[in-house]
Amino acid sequence: MPRTPGDAGPLEVRVPRFVGLMAMDAREKAVEHGVRLVAGDRCAFHDVILEYVVRQYPLADVEVPRGAVVTVWFDLGPGEGEGGAGVREPLLPEPSGGGLQQELTEPGQPEVGVGG
């Protein structure tokens, strides 16, 4: 028997925006909107909780059949940034002096005074 829009909701649904959501929130939103989520860079997607979605396909607001798969990624791919998140150790060599350091008078430079 063919499904009708009144059976279990519309046959076509709009993909919600998952980018920026934590994994657990993205899974809940997927259920609410009638799509299935898979992770392109995590084999144990059901264990991922606090990582943030950085990409998705198909993009938000695209119409797809109810139950369609939406792929999300938690790390940036090659050429899209540093990939991942978290604290990074500083790279060597350290950046050259600048900013406030350049504003200070160096030995041998004339004093800069205000007024008279």
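Mentor: The largest nonpolar core has 17 residues, with Phe18, Val35, Leu37, Val72 and Phe74 having the most contacts inside it. This is a predicted model, where local features need pLDDT of at least 70, side-chain atom pairs count only at pLDDT 80 or more, and totals for chains, interfaces and linings use all residues. Residues are numbered from 1 along each chain as its sequence is written, and side-chain values use heavy atoms, leaving out hydrogens and water.

Trainee: What makes a set of residues a nonpolar core?

Mentor: Its members are buried Ala, Val, Leu, Ile, Met, Phe, Trp, Tyr and Cys residues, joined through side-chain atoms within 4.5 Å. Buried means under 20% relative accessible area (1.4 Å probe, protein chains only); exposed means over 50%, and partly exposed lies in between.

Trainee: Which element supplies the largest share of this core?

Mentor: Helix 2 does, with three residues. Helices are DSSP runs of H or I, at least four residues, and strands are runs of E, at least two, numbered from the N terminus.

Trainee: Which residues of helix 2 are buried?

Mentor: Ala23, Ala26 and Ala30.

Trainee: How do you know that they line one face?

Mentor: Seen down the axis of helix 2, the buried residues fall within an arc of 55°, so they line one face. The arc is taken from the directions from the helix axis to the C-beta atoms. The face turned away carries the exposed residues Glu28, Val31 and Glu32.

Trainee: Why is Met24 called partly exposed?

Mentor: Met24 has 32% relative accessibility, so Met24 counts as partly exposed. Met24 also lies in helix 2.
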